[in-house]
Amino acid sequence: MKLKYWFLALCGCPALMGAQTKFASQQIYPAKKEIYRKGWIDFNKNGKKDVYEDPEQPIDLRIKDLLSQMTLEEKTCQLATLYGYKRV
């Protein structure tokens, strides 16, 4: 009797039948792209070094480039961000 259940458990196992098993977290969270490059960080994960990501560029140029890529909503949300402030 135990042998019958053991056999059914083995036959019903998708890994033994050659099917790929996928966890729910793999469907929700796709594979992470590597953002740390040699000498810079790819913040927007586009695979190329933008001006604002280039530490060799002057700060004024980097700020101007970043602000030109941000939407009005993103800029307004930055004004309301309180992270890092001592007391709210």
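Contact here means heavy atoms within 4.5 Å. This is a predicted model, in which local features need pLDDT of at least 70 and side-chain atom pairs count only at pLDDT 80 or more, while totals for chains, interfaces and linings use all residues. Residues are numbered from 1 along each chain as its sequence is written, and side-chain values use heavy atoms, with hydrogens and water left out.

**View 1. Phenylalanine 43 and its partners.** Phenylalanine 43 sits in the loop between β2 (40-41) and α3. Set aside the neighbours within four places in sequence, and phenylalanine 43 touches Tyr52 and Glu53. From phenylalanine 43 to glutamate 53 it's 10 residues along the sequence but 7.1 Å through space, C-alpha to C-alpha. Is phenylalanine 43 buried or exposed? It counts as exposed, because its relative accessibility is 51%; the cut-offs are under 20% relative accessible area for buried, over 50% for exposed, and partly exposed in between, with a 1.4 Å probe and protein chains only.

View 2. Most residues other than glycine have a negative phi. Lysine 45 isn't a glycine, yet its phi is positive, at about 55°. Lysine 45 counts as partly exposed, because its relative accessibility is 44%.

**View 3. The salt bridge between aspartate 42 and arginine 37.** A salt bridge here is a side-chain nitrogen of Lys or Arg within 4 Å of a carboxyl oxygen of Asp or Glu, and the count comes to 2. In this one, the side chains of aspartate 42 and arginine 37 meet at 3.7 Å, N to O. Aspartate 42 is buried, because its relative accessibility is 1%. Arginine 37, with a relative accessible area of 37%, is partly exposed.

**View 4. The salt bridge between aspartate 54 and lysine 49.** Here the closest N and O atoms of aspartate 54 and lysine 49 are 3.9 Å apart. Aspartate 54 is buried, because its relative accessible area is 12%. Lysine 49 is partly exposed at 43% relative accessibility.

View 5. Ile59, Ile63 and Leu67 make a nonpolar surface patch of about 270 Å². Patches are built from residues with over 30% relative accessible area and no salt bridge, joining like charges within 9 Å and nonpolar side chains (Val, Leu, Ile, Met, Phe, Trp, Tyr) within 5 Å. Accessible areas come from the Shrake-Rupley method with a 1.4 Å probe, and for residues only the protein chains shown count as cover. Isoleucine 59 belongs to helix α3 (residues 59-69). It counts as exposed, because its relative accessibility is 53%.

View 6. The chain has 4 helices and 2 strands, in the order α-α-β-β-α-α; helices (H or I, at least four residues) and strands (E, at least two) are DSSP runs, numbered from the N terminus. On pLDDT, the predictor's confidence in each residue from 0 to 100, the chain averages 75, and 57% of the residues score at least 70. As for burial, 10% of the 88 residues in the chain count as buried.
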